[in-house]
Structure formats: structure tokens, C-alpha cells
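Open the model in your viewer and keep the sequence panel beside it.

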Amino acid sequence: MKQVHYTMLYLVSCAVNGSIPEQKHTENIDMDALFSFSRAHFLEVLTGTSLKQSGIELSKEWTQKLSKSTRKNILFDNERKKLFDFMEQAGIWYLPLKGVILKEYYPAVGMRQMSDNDILFDEAFSEDVRNYMESQGYVGESIGKGAHDVYVKEPVYNFEFHRALFDSERQSRLSDYYADVKKRLLPNDSSSYGYHFTNEDFYIYIVAHAFKHYSGGGTGIRSLLDFYVYLTAEEQNMDFEYIQKECGYLGFSEFERQSRILCKKVFGADVPVGFEQFTNSLSEEEYEMLEYYLSSGVYGTTERFIKNRVNKFRKENGISSKLHYIFRRLFPGIETYKSYYPFFYKHKWLLPIGWLYRLVRMVFSKKRRSSVSKEMDIVRKM
């Protein structure tokens, strides 16, 4: 871990705990490196807020990030209210997810930066939602593929409508667990069709979502921070016997336990201050886990994703051959077609044409060729 990494963690901790950074820990900061690294983890608003509170002047770009994040949150809230009003009138049940809920646990509007609005909804009304979004000026970027539909609109709007919480092909156990998700939900008091998780089930869900990324391409420090702010507010009211049982069933009880301990050691108000004091307070296992979070960025890395995918394939299939892995990537199982090529899934007798279709798309798409070439190169070097 570098000094700039520690500085970011320290400033973020100050921001979420409502404390002003000590001057001796804000001197001689490499502001460009700090801004760049904070931005890589979607934390520049939090670090910028702490720096401003300690009397340090920010660059114009950094200052604009703070004001734009606040404005974006307000715009998202207003647009989401309009959407929920429509869904109430149309009788469509809905469940706000992830950042829509977590942002309320941060000290001020805009502190948790948002890139999109995630909403689980009744997929029977997909066409109704599409008609509404298009009537509001949204463009569908990805419709009917994978587990969610994506709609965007200038200047900043981005909505993801989830038909399922997890992809049935890539996260089969999670997909099965949440297959009948509505039985785990409670109705909102203030609406007819809005729902929410219990505190325990929401925590299990955000851990599951983080673990999906952590064990895939990786996930950044903001995931660890989300755990901290949520636990700070709700831990005393949660049934951890139930949480640990469910996490154990889903296969990530150790990840939950380690992340829960680590987030408090990293962001807690009583964490030792100073680079050496902080690093010495972590066990070797905790330090390695923190390094993994720090090196992942918000969305992880392609190389890490591919290596983790190959290792998972080996573990699940007992096959170490790289050729077997490549073959399965070129000719995936039926679940891939169910999620991403529904026409061929519906007409299974046409699957050979589906295989050919995927190969032709790869050949004639420069972006896909580049992606496949990069993946094969990483696999070859493993």
C-alpha cells in the first residue's frame, strides 16, 4: 500500500465519521495522485469534502465534482419519484436497490456518488416500463439481454431495471436463492407497490453483490465503505445468527466476516492515525484483503476477472486444460442463450446457427475481436 492509498482512506474515514482531518496528515499531499486514485474508486467527493474542511483549496475539476455529485443525486431523486409514481398508477411492484438505498446512510447529499439507479421490478410489465421510459426521452441501451434493461437520457440519467437480482448463468446459486425474491420483501408503508428488504436481508444482498464482483474482476474500496456506513447505522438491530447462516448457505460467510472486521479497522473513528500505525494494526490476511480492494478500482480489472473465471472453471469442472476453458467460452451452455440470445433459447433446434452467429459477430466486430484476443492472451499466459 502506498502513502496516497492511506491518505485516501484516512480522508474518507474523516468524511463519513464527521471529523476534520489533522493538519499533519494533510501536509505534502500529492493532490493529482490523490484525486486520480480517489476517482478510480468513486470517492473523490468524500476526499474532496475532507480536504475542504481542513482548509485545503481544491482544483477547479475537483470542486466541480463535488457540486455535480450533489446535483446528480437530486436529479436522480426527482426522476425516480416520477418513475415510481408511474409504477404505482400502473400497478407494477418495484424494489430500489444498492446505491439508491445506501446513499441515505452517508452524512450528506452527493457524498455517495451514483452512476445509475438500480430497480428490481415485475418483469411482466417490461413493455409498459419501456413505453414509459421512451415517452420520457430515454433510450434503451440494452433491452431483453442478461438480468437487466438499461435506459439512459442526457445529461446524466441512467436506470437499470432488473428482472432478476443475479444472472442465472454466472451466479446460479445466488440466482436460485433470489428466484422468488418477493417472498423476502416487505411492503412499504407509504406506497401500494413499493417494497423493501429487512435490514438483515438488505445486508445479505449487498454482501452478495460485492462478493459477486470481488470473486469476479474485483471490487473497490467503496464496497467496503458501504459495509461500514450500513453497519454503523444498523448492526445493533440485526440478527447475525440469521445473517451468518444465510451467508454460509450462499458460500461467502468468510468473505462477509472478514469484510465486516476489515471495514471497521479501515474506516472506524478509533482507527490508528498515520501510515505506519495503520498498516501495523492490520494482520497479514487483512492487509492482503485491503490490497485486493485497493487494486480493483470500482469495477475490477479485466485480467483479474478472466483469471478468477478460469480458476472457478477448474474448481467446478475438475479440468485444468486451457483448451477446455476456451472451448466452453466459444460454445457456452444453454443458460447463456437464455440470458443473452433468447431467440435461440426459445428455438433450441437452431442452436448450431446460434453458435455460428456468435462467431460471426466476433469476426466482424473490432471491439469483440479485441476483447476475445485479450482474454485468450491472458489465459495463455496463466
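A residue is called buried when its relative accessible area is under 20%, exposed when it is over 50%, and partly exposed in between, using a 1.4 Å probe and protein chains only. This is a predicted model, in which local features need pLDDT of at least 70 and side-chain atom pairs count only at pLDDT 80 or more, while totals for chains, interfaces and linings use all residues. Residues are numbered from 1 along each chain as its sequence is written, and side-chain values use heavy atoms, with hydrogens and water left out.

**Stop 1: a surface patch**

Select Phe364, which is found in helix α18 (residues 351-364). Helices (H or I, at least four residues) and strands (E, at least two) are DSSP runs, numbered from the N terminus. Phe364 has a relative accessible area of 70%, so the residue is exposed.

**Stop 2: salt bridges**

How many salt bridges does a search of the whole structure find? The search finds 18, each being a side-chain nitrogen of Lys or Arg within 4 Å of a carboxyl oxygen of Asp or Glu. Side chains of opposite charge can pair when their charged atoms come close.

Select Lys81 and Asp85 to see one of them, with the closest N and O atoms 3.2 Å apart. Both residues lie in helix α4, 4 residues apart, which is about one turn of the helix. Lys81 is exposed at a relative accessible area of 53%, whereas Asp85 is partly exposed at 35%.

Next select Lys103 and Glu104, another salt bridge, where the closest N and O atoms are 2.4 Å apart. Lys103 is buried, with a relative accessible area of 8%, but Glu104 counts as exposed at 56% relative accessibility.

Now go to Lys98 and Asp118, whose side chains meet in a salt bridge at 3.4 Å, N to O. Lys98 is in the loop between β1 and α5 and Asp118 is in strand β2 (residues 117-121), so this pair ties together parts that are 20 residues apart in sequence. Are these two residues buried or exposed? Lys98 counts as buried at 16% relative accessibility, and Asp118 counts as buried at 4%.

**Stop 3**

Select Glu44 in helix α3 (residues 44-53). At 2% relative accessibility, Glu44 is buried. Show Gln113 as well: a polar contact of 3.1 Å joins the side chains of Glu44 and Gln113. A polar contact is a pair of N or O atoms within 3.5 Å; within protein, one must be able to donate a hydrogen and the other to accept it, and residues adjacent in sequence count only if both atoms are side-chain atoms.

Move to Ser69, in helix α4, which is buried at 7% relative accessibility. Between the C-alpha atoms of Ser69 and Val45 the separation is 7.5 Å, although the two residues are 24 residues apart along the chain.

**Stop 3: aromatic rings**

The structure holds 31 aromatic pairs. Rings of Phe, Tyr and Trp (its six-membered ring) pair if their centres lie within 6.5 Å; planes under 30 degrees apart count as stacked, over 60 as edge-to-face and the rest as tilted.

Select Trp93 and Tyr195, whose ring centres are 6.1 Å apart and whose planes meet at 80 degrees, so the pair is edge-to-face. Trp93 lies in the loop between α4 (60-90) and β1 (94-96) and Tyr195 in strand β7 (residues 195-197), so the pair ties together parts that are 102 residues apart in sequence. Trp93 and Tyr195 are both buried.

For contrast, select Phe159 and Phe161: their ring centres are 6.2 Å apart and their planes are at 20 degrees, so this pair is stacked. Phe159 and Phe161 are buried.

Ring pairs also link a cluster whose members include Tyr105, Phe202, Phe240 and Tyr293.

**Stop 4: arginines over rings**

Finish with Arg184, which lies over the face of Tyr177 at 3.8 Å from the ring centre, and Arg173, which lies over the face of Tyr249 at 5.6 Å. A charge sits over a ring if NZ of Lys or CZ of Arg is within 6 Å of the ring centre and within 35 degrees of the ring normal.
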